[in-house]
Amino acid sequence: SINLMGARLRSTLKRCDPPLPNSIRLIAVKVVKEGIVWGLRGYGEIYPGMTKIAKWGSCSERQARRNVRVLEDWGLMTVVSHGKGGRKSTRYRVEPEQIIRVAMSRHANPHTELIAEIRDLRADMWEDIPPGHMAGHLSAGS
């Protein structure tokens, strides 16, 4: 169902006015899907490296950085912590409902089923994450 939701989201974002670049659309959909998948697994954050994000968007790392800033401005990704030194990735909290707001503000007219799917998956996602749970750690008693 997550892949079907991703396909619907991709087609919705293609209808944005003004049109979104392909790399932003691809990265936004993948970020939403990753956020939901990791959330359903019990993690509150995602931490893809810039190389992986660039691969998601079929673009350069430099373009991926610009795209991530756009997604942060949209409120889709929120920086939770920055990696320090070496190749440690920045950790992000994903807010899947923000992509619906972006689509509406850009006159893409998302289908009500897509909105319901994202809201249902988001509710399931945050329901499974205990308060104070950090990415990469098991909760007490798990």
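The model is predicted: local features need pLDDT of at least 70, side-chain atom pairs count only at pLDDT 80 or more, and totals for chains, interfaces and linings use all residues. Residues are numbered from 1 along each chain as its sequence is written, and side-chain values use heavy atoms, with hydrogens and water left out.

**Fold elements**

The chain has 6 helices and 2 strands, where helices (H or I, at least four residues) and strands (E, at least two) are DSSP runs numbered from the N terminus. Their order from the N terminus is α-α-α-α-β-β-α-α. Of the 142 residues, 42% count as buried; buried means under 20% relative accessible area, exposed over 50%, and partly exposed in between (1.4 Å probe, protein chains only).

Helix α2 covers residues 22–40, 19 residues in total, and at 1.5 Å a residue it should span 27 Å. The expected span is 1.5 Å times one less than the number of residues. The end C-alpha atoms of α2 are 27 Å apart, which agrees. Just after α2, glycine 42 takes a positive phi of about 100 degrees. Tyrosine 43 is found in the loop between α2 and α3 (50–57) and is partly exposed at 23% relative accessibility. Tyrosine 43 and arginine 93 are 50 residues apart in sequence, and their C-alpha atoms are 9.7 Å apart in space.

**Salt bridges**

Side chains of opposite charge can pair when their charged atoms come close. A salt bridge is a side-chain nitrogen of Lys or Arg within 4 Å of a carboxyl oxygen of Asp or Glu.

| Glutamate 117 | Arginine 8 | 3.2 Å |

Glutamate 117 forms its salt bridge with arginine 8. Glutamate 117 lies in helix α6 (residues 112–127) and arginine 8 in helix α1 (residues 2–14), so the pair ties together parts that are 109 residues apart in sequence. Arginine 8 is partly exposed, at 26% relative accessible area.

Glutamate 34 and lysine 30 are 4 residues apart in helix α2, a separation of about one helical turn. An α-helix has 3.6 residues a turn, so residues three or four places apart point the same way. Glutamate 34 counts as buried at 19%, whereas lysine 30 is partly exposed at 27%.

Glutamate 45 is buried at 13%, and arginine 91 is partly exposed at 26%. Salt bridges that share partners also join Arg8, Glu113 and Glu117 into one network.

**Charged patch**

Arg62, Arg65, Arg66 and Arg69 gather in a patch of positive charge on the surface. Patches are made of residues with over 30% relative accessible area and no salt bridge; like charges are joined within 9 Å, and nonpolar side chains (Val, Leu, Ile, Met, Phe, Trp, Tyr) within 5 Å. Lys and Arg count as positive and Asp and Glu as negative, while His and the chain ends are not counted. The place of a charge is taken as NZ of Lys, CZ of Arg, CG of Asp or CD of Glu. Arginine 66 lies in helix α4 (residues 61–74) and is partly exposed, with a relative accessible area of 35%.

Key: Accessible areas come from the Shrake-Rupley method with a 1.4 Å probe; for residues, only the protein chains shown count as cover.
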